[in-house]
Amino acid sequence: MNAAQLKEVTTSINKILTSLIEQSDLNFLEAQSNFTFEELIDIIEKLIDKEEYSYAEELLLLVSNLEESPSIFSRLAYCQKKLKKIKDAKTSYENAIATDPLAYSAYYNYGVLLQENNEYDLAIAKYNSAIKLNPSLAEAYYNLGNICRDQNDFESAKAYYLKCIEINPVFENALYNLGVIYEKLGHNNSAEKCYNSAIELNNNNVEAHWNRSLLLLKNKNLIEGFKEFEWRLKKKELKRTFPFSKWNGEDLTNKKILVYCEQGFGDAIQFCRYLSDLIKTGCNVTLECRKELLNLFEINFPNIEVIERGRHNYSKNDFDFYLPLLSLPSMLKIPFENLDGKHYLFVDEAEKIEWQKKLLSNNKKNAGLVWKGNTNHQNDKERSIDPNLFNRLLTNKNYNFYSLQLEEKFKNKNLVDLTSEINSFGDTAALISNLDLVITVDTAVAHLSAALGIETWILIAYNSDWRWFTESEKSPWYDSIKLIRKKKDENWEGLIKKVSDKLKSNSEFTKLDIHKDIGQFLSNNDFEKVLVKVRALLKENENSEHAFNYLGILYLKQKKYLKAQQYFHKAISINDNFVQAYSNLGILHFENNDYEKAVELNDLAVQKNTNNPHSYYNLAYALQELGNIESAIYNYTKAVELKPDFADAWFNLSLLQLMNKNYSEGWSNYNKWISKTNNSIKRNFESTEWEGQNLNGKTLLVYSDQAYGDAIQFVRYLPLLKSYNGKVIYECPESLVDIFKEIHAVDEVISSNKLYSHDFNVPLMRLPEILLDDKKPELEVTYDVSISEEIYKKWLSKIINENKLKVGFVWTGNPYPPINKKRHMSIDDFSILFEVNEADFYSLQLGDDRKQLSKYLSKDNVFDFTSDIKTFEDTSAIIAAMDLVITIDTSVAHLAGTMEKPVWIMLAYMPDWRWSLKSSHCNWYPSMKLFRQNERSNWKEVINKVYTELTKLIKR
């Protein structure tokens, strides 16, 4: 540039600056006749900070004539991008790169511009150029991951995010997005650990908390999942404020509470089921919902005031509390095992009849169709389908098809569209109540149909919403639902073909159709509909053994045993070879603890049909309760031979083999059960499952796969892994981490919510099969339970009378599954021991059952400090301070036994496999003594033995 050009540029710059100085909002500029180049750059940066991009661009264009540098062109491109001059910004980035081909930041920023404008291929090229110049540019890998994620190339996205995290382990957004990708790939455990890592870096990462809650829920951990789900209320779109307090568990007696529907229609329909539980607390409930739901909820909740959202300005005195509807499961502490699939919504009969008149009058069944959800839903593109795919279904001549799809029309001569007459969900419900079947994508209609008890087929994507959990075709939320899932690489067309084939087999009008209906109604406990169908069977054939069998099942489900028995006998009198009736009679006697009769009837069922695996299973189950182990094993074996995927039979077979000390087959069959079950203990890792090979320096992750007691019992195998020449990481529930941290040969003990890189994985309960062959599994415990001095002293200070015999005790345990209840006793049964005044009794009982102890706390020798227990380290410290532990079969028994503390365990007549059947000592725990029931359910005899033994111990 010659002197004249320089002077011209300088004059132009000064003219612009003079104009800028005159503006009051830019008074940071000082008036002067000339500016140095450095001062000009400083002014430009200040203009950019003030978002005065037009002035900054003007100056940068002039300055670029004075000096061509990548930084000048890059800042110019940035301003042009902000001014939406995309073409100019591209030119400026090209100039930046031309002036310095090694300026990696120019390539990177150019890539950002291209990515923001969906020019992905060019963006990828620029990011790769930046990485070539600076291989440690984590942000470039992160953005490449985002591009691949948006293009559904999840494997590539994962690789880029992992590389980003390798460079920068605290890259919060990369950890979060890696979690999203793991979810897309179906690796939910890895996803959860990514979210946990992001949260550790920033506990206020709402999206990570939100996604973690959905994974917990998807894994059926409803208690923790719904607790974490409360983070959703911090999302901007879900925030609401009221002039009264949010309910946090306070006494609601005679209080007024506003419950508001905070999310979609489907959520409101699914979770309104818990309003009746809320009413039971003695409060007055008002439900706020959107207009479309008003009449549906008014009909179904006559004891609740239902109001329309947006119509009320609330004042401080209107209510005592408010609560979002989806917070009810968290507040009510609903576990997965308590989910009830019974239908809970109803329609006005007059409305139902009016809609019935609108349907076609012929002998065909009626089916409703929905193909699209709310377009604003974040996953709508994954759950909605092209309606043209339904053309395959609409060729079925045995059904009348009705559109339930609002606001979107689809023309097909076989599709009846009455949606112009639908004005609310009440109308939709009345129409659906007249249908035999609803086929729908995952949307509000699915919840409405299922809540009404109508057979509902939901078409769901591979990565479905959390509420449908994984794998199973059934839903614990709704008995009437069948989940038809896409496989990982399956398209919607392939899924619709399966639905079409299923519809063909479902649409044949035979007696079989009535039987299917009755089976469905029985599953839903919809007894009135069962009676209607049974009457139809009896009208056709007054001596229908099936009809009388169904009546027997109906009354059996209602615990009306005498009537049920009469109907089963009636069915057998009509057809002496009717196996189902014999089996059902066997179930009746089993429920009444008449196991001998149950065995007799199930044996008859087996004799009459030797190819029914369920008959063998029922027979084995009854034999097992009688203690006839060998015969039970034989019949479980027959069941799995006939039905190799019979998971429950594999499980029970394995436990009886272990009880019989047939360890080789027992462990093998236990692991067959794991491979066939839909149980949540199954884990999905990207690493290889370990089969016993030498690790050669690789890392093995051993994870706890069963309950606390199993974890405590089986960690004794971990030291055996030292000889396999690798790094061993043990993953267990967080409350166990501290007591296991000193296990020999384990390099690190981590909690189940941690993300840890590893090469191989193996469940803890698989180790006996891999490590022991046919050897006895009762290895000596070679580690000490870890208790910090601080924790030990804290609990030691709570001891009241140091000189008295100190007894820790537990009388009940986890109520799920229900079969566990046979090993539990009541505090009243246990309380006879409190009469031994020479001993002090310290409760180790956790959970709601600990409240049962309150009526005995007035005694001078009974103490309860369990409200201070946070982890198993606390429990271990209490046990360490005891002289003796007396307990039922629960995790405390294993913990005390591991600590070599004298422990007396009280066992049910048919105990868990590990306690065998006869001995009073235990090979697993030398310090343990076993007290057994000699008569089923008779705890009095057991506690009397313990009382006698305790008094003898006192006298020594």
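Predicted model: local features only at pLDDT ≥ 70, side-chain atom pairs only at ≥ 80, totals over all residues.
Strand β3 (residues 284-289) is mostly covered, with 5 of its 6 residues buried. Two strands pair with β3 in parallel fashion: β2 (residues 256-260) is joined to β3 by 5 bridges, and β4 (residues 305-308) is joined to β3 by 4 bridges. Leu-287 of β3 takes part in both pairings, as the bridge partner of Val-259 and as the residue opposite Val-306 in β4. Together with helix α16 (residues 294-300), strands β3 and β4 make a β-α-β unit that is right-handed.

The partner of β12 is β16 (residues 760-763), which runs parallel to β12 and is joined to it by 2 bridges. In this pairing, Thr-688 stands opposite Phe-760 of β16.

The structure also holds 3 cavities of 30 Å³ or more. The largest cavity contains about 80 Å³ of space. Its lining comprises Trp-795, Lys-798, Ile-799, Tyr-842, Ser-843, Phe-863, Asp-864, Phe-865, Thr-866, Ile-878, Ala-881 and Met-882. By class, 8 of the lining residues are nonpolar, 2 are polar and 2 are charged. Strand β18 (839-843) and helix α38 (872-881) each supply at least two residues of this lining.

Technical notes: Residues numbered from 1 in each chain as written. Heavy atoms only, no water. Pairing = 2+ DSSP bridges. 1 Å grid on protein atoms, 1.4 Å probe; cavity = no way out; pocket = protein on both sides within 12 Å on 5 of 7 lines; lining within 4 Å. Points joined across faces, edges and corners; volume = space filled by probe spheres on them. Nonpolar A, V, L, I, M, F, W, Y, C, P; charged D, E, K, R; others polar. Buried < 20%, exposed > 50% of the residue type's maximum accessible area, 1.4 Å probe, protein only. Right-handed = clockwise from strand over helix to strand, strands pointing away.
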